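Please read the following note with the sequence and the model side by side. It is written for a reader who is new to protein structure.

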Amino acid sequence: MICARCDELIRQGEDSRPVVHDRPTGPITTVYVHEKRCAPAPQQTYPARRFGA
Ligand SMILES: [Zn+2]
């Protein structure tokens, strides 16, 4: 499975922790994150802009 925090693979035997997402709309989903503190993957909320044209 894939870690929801750092987007890296959680290998079998590696410690992971379930995180339940209980949303008012939509189904409850459970994702997993590394038990050890891992760095969040950088979020790309907007496409990279080019300068110049
Ligand atoms: Zn992780």
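The points below go from the whole chain to single residues.

1. Basis of the note. This is a predicted model, in which local features need pLDDT of at least 70 and side-chain atom pairs count only at pLDDT 80 or more, while totals for chains, interfaces and linings use all residues. Residues are numbered from 1 along each chain as its sequence is written.

2. Overall content. The protein has 0 helices and 2 strands. Here helices (H or I, at least four residues) and strands (E, at least two) are DSSP runs, numbered from the N terminus. Of the 53 residues, 0% count as buried. A residue is buried if 20 or more other C-beta atoms lie within 10 Å of its own, exposed if 12 or fewer, and partly exposed in between, with C-beta atoms placed from the backbone.

3. The strand pair. S1 and S2 run antiparallel and are joined by 6 bridges; two strands pair if DSSP finds at least two bridges between them. Within this pairing, Arg17 stands opposite Val33 in S2. S1 lies largely in the open, because 0 of its 6 residues are buried.

4. His21. This residue belongs to strand S1. His21 counts as exposed because it has 11 C-beta neighbours inside 10 Å. Not counting residues up to four places away in sequence, His21 touches Ile28, Thr29 and Val31; two residues are in contact if their C-beta atoms, placed from the backbone, lie within 7 Å. From C-alpha to C-alpha, His21 and Val31 are 7.6 Å apart in space, although 10 residues apart in sequence.

5. Ile28. Where does Ile28 lie? Its place is the loop between strand S1 (16-21) and strand S2 (29-34). Ile28 is exposed, since 8 other C-beta atoms are within 10 Å. Leaving aside neighbours within four places in sequence, Ile28 is in contact with Val20, His21 and Asp22.

6. Before S1. Glu14 is found in the segment before S1 and counts as partly exposed, with 14 C-beta neighbours inside 10 Å. Glu14 and His34 are 20 residues apart in sequence, and their C-alpha atoms are 7.7 Å apart in space. Asp7 also lies in the segment before S1; Asp7 is exposed, with 12 other C-beta atoms within 10 Å. The phi of Asp7 is near 70°, a positive value in a residue other than glycine. Most residues other than glycine have a negative phi.

7. Contacts across the chain. Among contacts between residues at least 6 apart in sequence, 43% join residues at least 24 apart.
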